[in-house]
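I am opening a notebook page on this structure, and I want to write down what I look up in the order in which I look it up.

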Amino acid sequence: MNTFSTFTIFILQAAGSPDLGSRLTAGIIALVIALLIALIGVSGMKGKLKSVKKQQMANQYVREGSMNLKAQNDLFTHKQVVKRPRAERTENKG
Amino acid sequence: MALMEYKCPNCAGPLTYEPGTRDMVCPYCDSVVSIEALEAMDAVLDEEASESADWAYEGDQWLAGEEGMALYSCKSCGGEIIGDETLGSTSCPFCGNQVVISSKFSGTLRPDLVIPFKINREEAKQALKRHYEGKKLLPRVFRDKNHLDEIKGVYVPFWLFDADAGVRADYDATKVRRWSDSHFHYTETSHYHVHRSGDLGFDQVPVDGSQAIDDTLMESLEPFHLQEAVDFQTAYLAGYFANKYDVDAESCYPRADERIQRSAIQAFRNTVRGYSTVNPKREDVALTNSRVRYALLPVYLLSTSWENTNYLFAMNGQTGKFVGDLPLDKKAYWAWFFKIFGIAAVILVAISQLLAR
């Protein structure tokens, strides 16, 4: 209800102002962000209910000090340079 | 079929392994008997059991569809216990006598290692309560009126795989440098061919060797600290359920291989540093010096039912790690969704209007 009343007040106030378009756009973006925050929030809570997961790795069973890097070659092959013109500054006149 | 019973030398009550110790206790007279002392008695108990005609495996009497069942009769009270053929340790439902069917753990079936229970049943129950805490979307009724149907301490058969992973990997990598002058923006991309090869050792990667127990549930309980494992002694099984493996090592090997390969590939990819992008061209892993051992690992299984659905939880009997999926309260889900949305919307709309002025 809070959201709805705030949004209604905002619409009524915005209707009387000359920058209605930009304020409406800003308001809609704010509501979309709020929706995403709510979705992320409840997804996190839902995720806490699930604790049974398949293990993908065996990292905790690596024998200590067993990593033996026998060959390590980093060979430069070629390079390429791409250039793009800088955007020219446009001066506002008038 | 050889069965081992651990009876109190003082009152003949059934001895049970005491978690976190090397002792067995009698629940009737509180006598404490060391496992070392019982080891010496094992041979005698073996002889007694083999002389007994009461303990018999009568699997061939089962009808079609009942294969895999076995009938055991208790030496203490004569009661008959029906169990799975893989059953290795149980208690008599009539007299509470703890029995270990030692033939399930002898010869080639004898486990190399066992991790004894360190956590007791009461701690497992407390862990279940803690498991419910902080879960806002767990139905309140489930949390408040939930009763445990069963709690079982089980030694689950696991295969432990050791192996050396030989890795050969090639990557295409790039370094990107950007700069500008008065007319242009420049992007320089340097390309590299990166090669790595070497070895990485893995010890005791566990794979569940029991068909009846969910593999994903068991993997969720990891890690088990296998450096605390001890040589197998049947005395550790007294008071707990134990099954022998019914999935052989060969069938479990692909699962260990899959996990070892992923970890080995990741470890070698982590050595390719300082680049903007790294794309693998080839990542080959060959396992050598592989070795497999058979171990029994301690797990508490807790089950509860709610709205006609059975929920199974498991707890690592060594570390206390607790896992088990919980039901979702859909009403609470939407209530929280609108609550968060409402608060966020009010704040963000207000900020947006201040900025849009």
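**Domains of chain B**

I began with distances in this predicted model, and I found that the centres of domain 2 of chain B and domain 3 of chain B, taken over C-alpha atoms, are separated by 36 Å. I then noted the bounds, which are 4–110 for domain 1, 121–205 + 245–326 for domain 2 and 328–357 for domain 3. I looked up the contacts between the last two, and I found four residues of domain 2 of chain B in contact with five residues of domain 3 of chain B. On the domain 2 side of that contact I listed three nonpolar residues, no polar ones and one charged residue.

**Chain B as a whole**

I recorded six helices and 16 strands in chain B, and I noted that 33% of its 357 residues count as buried.

**Where the chains meet**

How many residues of chain A are in contact with chain B? I found 59 of them, and they are in contact with 62 residues of chain B. Helix H1 (2–15), helix H2 (20–47) and strand S1 (68–85) of chain A each supply at least two residues to the chain A side, and S1(A) gives the most, with 18 residues. When I sorted the chain A side by class, I wrote down 27 nonpolar, 18 polar and 14 charged residues.

**The nonpolar cores**

I next looked up the largest nonpolar core, which has 66 residues, and the ones with the most contacts inside it are Tyr155(B), Leu297(B), Val299(B) and Ala314(B). Several elements of chain B give two or more residues to this core, including helix H5 (249–269), strand S14 (277–306) and strand S15 (309–316), while S10(B) gives the most, with 13 residues. I also checked the domains, and this core draws at least three residues from each of domain 1 and domain 2 of chain B.

A second, separate core has nine residues, and I noted Ala30(A), Ala38(A), Phe341(B) and Ala344(B) among them.

**Val299(B) and the strands around it**

Which residues does Val299(B) touch, not counting those up to four places away in sequence? I listed Val154(B), Val156(B), Leu221(B), Ala314(B), Met315(B), Asn316(B) and Gly317(B). Asn316(B) is also the bridge partner of Val299(B) in S15(B), and I found that eight bridges join S14(B) to S15(B), which run antiparallel. In the hairpin of these two strands, with two residues between them, Glu307(B) takes a positive phi near 50°.

I went on to the next pair, where S15(B) and S16(B) are antiparallel over two bridges, and where Met315(B) has Phe322(B) as its bridge partner in S16(B). These strands form a hairpin with five residues between them, and I noted that Gly320(B) in the turn has a positive phi of about 85°.

How values were computed:
Residues numbered from 1 in each chain as written. Chains lettered and ligands numbered in written order. Predicted model: local features only at pLDDT ≥ 70, side-chain atom pairs only at ≥ 80, totals over all residues. Domains from an automatic or database assignment. Contact = placed C-beta atoms within 7 Å. Nonpolar A, V, L, I, M, F, W, Y, C, P; charged D, E, K, R; others polar. Helix = DSSP H or I, 4+ residues; strand = E, 2+ residues; numbered from the N terminus. Core = buried A, V, L, I, M, F, W, Y, C linked by C-beta atoms within 7 Å. Buried ≥ 20, exposed ≤ 12 C-beta atoms within 10 Å, placed from the backbone. Pairing = 2+ DSSP bridges.
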